[in-house]
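I opened this notebook to record what I looked up, one topic at a time.

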Amino acid sequence: MATETVNNAQSAQKEIPKPQTKVIWRTFWILLGITALEFVIAFTMAHGTLRVSIFVLMTLVKAFYIVAEFMHLKGEVKMLIWSILIPTIFVIWLVIALLMEGDSIFEMRFFNE
Amino acid sequence: MATVATQEISSKKLWGGGMEPMKASYGKLMMWFFLLSDAFTFSALLITYGLNRFGADAYDPKQHGAEFKMSTDYWPVPEHIFDAVPFFHGVSMPLVFVGIMTFILIMSSVTMVLAVEAGHRMDRNDVEKWMLWTILGGITFLGCQAWEWSHFIHGTDTPTISRVFVNGQWTTKEIFGANLIENQYGPPLFADLFFFITGFHGTHVFSGVLLNILIFYNTTMGVYERRGHYEMVEKVGLYWHFVDLVWVFVFTFFYLV
């Protein structure tokens, strides 16, 4: 990879290639569109489990585009992708564990008798 | 894979550095793993918010009145709390300001990728241009956050009446704004978590801006051009996108849900 970049440097002195920004702007419009949709839902839909699930789903889609396209994890070696993704299992575990804990705290505080 | 490597490369070279595990340089790999650990920290903070929210009484129109009123007794609905916009005093614009902040951060993430892309092409002028825009976006976001904190701390025009236990008896007290001990918008924990989560994120934005300024300076001095590659822009870019990523989650779980 090091030799490749040096070659790039030498050719760059002659002429600079044209920017390739199509994918970047496409990702931007997707992110902006989802955020706009989130606002529409926030003001039109009643509070409830369905609304929360939609928000969580949209957040995960946005996160996917940021990590895959902007941070370019998509273009990395498979092993690197997995070594970043698999440890997030612990986060999922913590979400389930602590939200259940919160639920039982609620039960104890308000339905004790 | 290891056997293939030892066949091709002498052991002196193998253990003396220069190898790139997972085809990513040392710096890039370590940035990824640092960000993973940082993601755990932010997850812990946001999940703590979830725990406390689940454990507290939440605002319920049937029980607390159809029109939302601030009270220290129940967890508030965020869109009724975050409805202030600079220069529009007293006008209720739910989530407008935080929407602007979200747009600024996404936009600065885009200019950062454009800087990275320009770096791949060894286009020094473009890297400088896009880094400047990224720095500007970061500083604007920090300014917005400073205003939001200031508004959150000073509070609304009308106070929230709270029941407090002083010297052995219950009395009422007017609360303006929020700090770590009392909070007019809801239970004290709501304000504590607001300060901790947005504060920790803001600290990341701040250090990100400093790193971006450093990268911009090095670019203008031609450090990366002499080095032959702009990988430093890419590594700091990873950090900057991560800050944007965290904001996506903070936005959902603090302001929307």
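**Burial and fold of chain B**

I looked up burial first: of the 257 residues in chain B, 53% are buried (under 20% relative accessible area with a 1.4 Å probe, counting protein chains only). I note that this is a predicted model, in which local features need pLDDT of at least 70 and side-chain atom pairs pLDDT 80 or more, while totals for chains, interfaces and linings use all residues. Residues are numbered from 1 along each chain as its sequence is written, chains are lettered from A and ligands numbered from 1 in written order, and side-chain values use heavy atoms without hydrogens or water.

I then read the secondary structure of chain B, which has ten helices and two strands (DSSP runs: H or I of at least four residues, and E of at least two). The order along the sequence is α-α-α-α-α-α-α-β-β-α-α-α. Chain B is more spread out than a compact globule, because its radius of gyration is 24 Å, well over the 18 Å from the globule rule for 257 residues (taken over C-alpha atoms; the rule is 2.2 Å times the number of residues to the power 0.38). The C-alpha trace of chain B spans about 80 × 45 × 35 Å along its principal axes.

**Contact between the chains**

Together the two chains bury about 4,700 Å², 80% of it on carbon and sulfur atoms (accessible area lost on being put together, 1.4 Å probe, summed over both). A:Phe39, A:Phe70 and A:Met71 supply 13% of the area that chain A buries against chain B, more than any other three residues.

Definitions and conventions
Buried < 20%, exposed > 50% of the residue type's maximum accessible area, 1.4 Å probe, protein only.
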